[in-house]
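I opened the notebook to record what I looked up, in the order I looked it up.

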Amino acid sequence: RAGGPGGACPRPTHRACAPHLFTAARLGNSGLLANGTDYVLGWENDTAPAGCASWSAEYVQELLQLNIDSAEIVQSWSGFAFLAGVRADGEYLPGRLFWSDYNDPYSWIPGQESNAGFHDFGAGERILVVEPIGGRLRVYTSQAIYDLTVSANADLVFNVQEIYRGPHV
């Protein structure tokens, strides 16, 4: 990794490198990579390395347009890609969950033709984990646990239901 995303790493087991490990998610033939430090990267299966850095992955352009600098968590579920622990315009948004358009992990700008969007969880909450569980997307925050399900309402992409709130999340 030296000189690449996440900064220099003296040796693979060096403890200072731990905050810069990548998380990954796949959606169809595409993948997303995030490490909480660098811009989110996307790649297509069988993409050969190219460019000056000889990477197979590229920055997700619509996330750059939204001024999203980094994300700590990336996940996919039910045809959508999700980002959490996002830094946008230099501001850390610990309780905001972003999602892509349906079956398009490169489309993140909300609009009439797009299902992309975001949800803000309670004030002071930090998203810790986002995991598909039993046909739902479970979101664990520092104060509560939520389930997301796909909405049948045409004006709403996801239903968000708080299933637990308390000191032992």
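Before sorting any lining by class, I noted the classes: Ala, Val, Leu, Ile, Met, Phe, Trp, Tyr, Cys and Pro count as nonpolar, Asp, Glu, Lys and Arg as charged, and the others, Gly among them, as polar.

**Entry 1: ground rules.** I am working on a predicted model, in which local features need pLDDT of at least 70, side-chain atom pairs count only at pLDDT 80 or more, and totals for chains, interfaces and linings use all residues. Residues are numbered from 1 along each chain as its sequence is written, and side-chain values use heavy atoms, with hydrogens and water left out.

**Entry 2: the chain.** I found one helix and 13 strands in the protein chain; these are DSSP runs numbered from the N terminus, helices being H or I of at least four residues and strands E of at least two. Along the sequence I read the pattern β-β-β-β-α-β-β-β-β-β-β-β-β-β. Of the 169 residues, 38% count as buried (under 20% relative accessible area with a 1.4 Å probe, protein chains only; exposed is over 50%, partly exposed in between).

**Entry 3: a sheet.** I looked up an open sheet of four strands, with the order β1-β2-β3-β4 and antiparallel pairing. Because β1 (23-27) and β4 (58-59) stand at the edges with a single partner strand each, one side of each has no neighbour in the sheet. Two strands pair if DSSP finds at least two bridges between them. Strand β2 (residues 30-34) and strand β3 (residues 41-44) have four bridges, in the antiparallel sense. I found G31 opposite W43 in β3.

**Entry 4: the cavity.** I used a 1 Å grid over the protein atoms alone: a cavity is a set of points where a 1.4 Å probe fits but cannot get out, a pocket is an open set with protein on both sides within 12 Å along at least five of seven lines, and lining residues have an atom within 4 Å of a point. Grid points are joined across faces, edges and corners, and a volume is the space filled by probe spheres set on the points. There is one cavity of 30 Å³ or more, and the largest cavity has a volume of about 30 Å³. Its lining includes G31, R26, Q75 and P105. β1, β2 and β5 (68-77) each supply at least two residues of that lining. By class I noted five nonpolar, four polar and one charged residues there.

**Entry 5: the pocket.** The largest pocket has a volume of about 180 Å³. Among the residues that line it are F80, S114, A116 and D155. Its lining has six nonpolar, five polar and one charged residues.

**Entry 6: S114.** I placed S114 in the loop between β8 (96-99) and β9 (117-120). S114 counts as buried because its relative accessibility is 16%. A polar atom of its side chain lies 3.3 Å from the backbone oxygen of I109 and one lies 3.0 Å from the backbone nitrogen of A116.

**Entry 7: V139.** Is V139 buried or exposed? At 0% relative accessibility, V139 counts as buried. V139 sits in strand β11 (residues 136-141). V139 and V129 are ten residues apart in sequence and 5.9 Å apart in space, C-alpha to C-alpha. Leaving aside neighbours within four places in sequence, V139 is in contact (heavy atoms within 4.5 Å) with residues including L97, F121, V129 and L148.

How values were computed
Polar contact = N/O pair within 3.5 Å; in protein donor to acceptor, adjacent residues only side chain to side chain.
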